[in-house]
Amino acid sequence: MKTTTLLAIAATTSTTQAFTTSTSNNVRTQTSLNMGLFDGVKDAFGSSGMGDLDAQRETPIDRWMGWNTKKEAEQGSVSKAPSDFIDSMDEKNYISVNLPKPMGIVFEENDSEFGGIFVLEINEGSNAETEGTVRPGDQLVAVGTKKVSGLAFEDALGAIIESSEEKTKLVFFRGPSKFLYGPAGASAEWLDEFVGAAKVESTA
């Protein structure tokens, strides 16, 4: 009888453990599935279920419902241009002049991050001062039909020295280097076309 009772208890214990383990596994599996589905929603729409949308997928209805790609404050800060911004892809911000040598222009190199040269000062009584168009701060863009924007000091100035014309045509951007070069500057393609087409009329 003792043997039978012990076997029965053992059998009962084994059965209980098996049932408990099975139930625990089911709970974990179900919990895992539930969490997996929830995480999928968070990944797609953000933790609140209404996250920012990809800019390429944004539609008018998204903007109307407020599901835009960026918060209003962020959009305002990104789109707002500096108060002193000068568009280097606007032909009106360029000047051109034909000057004989010696011109009387003192050039200086921009910071190394940009390259190119600009007018530091105009010598008194010089051809440049007499003509009156060029001003300190003007960025040299082209010499004749050769684009020199972004070149090292020696190369840009060399284009003027090598010119054999009686009067050398100089094209300037009237604005700071930060608006001619870098993220806010004109594209290389636009400048190539602009210089090649010689769209700026010389004043002398």
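**Close-up views of a predicted model**

**View 1. Surroundings of Leu170.** Leaving aside residues up to four places away in sequence, Leu170 touches Ile95, Ser96, Val97, Met103, Ile105, Leu140, Ala142, Val143 and Ile160, a contact being heavy atoms within 4.5 Å. The model is predicted, so that local features need pLDDT of at least 70 and side-chain atom pairs count only at pLDDT 80 or more, whereas totals for chains, interfaces and linings use all residues. Residues are numbered from 1 along each chain as its sequence is written, and side-chain values use heavy atoms, with hydrogens and water left out.

**View 2. The largest nonpolar core and a second one.** Among the 18 residues of the largest nonpolar core, Ile105, Phe107, Leu140, Leu170 and Phe172 touch the most other members; such a core is a set of buried Ala, Val, Leu, Ile, Met, Phe, Trp, Tyr and Cys residues joined through side-chain atoms within 4.5 Å, and buried means under 20% relative accessible area, exposed over 50% (1.4 Å probe, protein chains only). Another core, of 13 residues, lies apart from it and includes Tyr94, Val141, Ala142 and Leu191.

View 3. Within α7 (residues 188–197), Trp190, Leu191, Phe194 and Val195 are buried; because they cover an arc of only 120 degrees around the axis, they lie on the same side of α7, the arc being that of the directions from the helix axis to the C-beta atoms. Helices (H or I, at least four residues) and strands (E, at least two) are DSSP runs, numbered from the N terminus.
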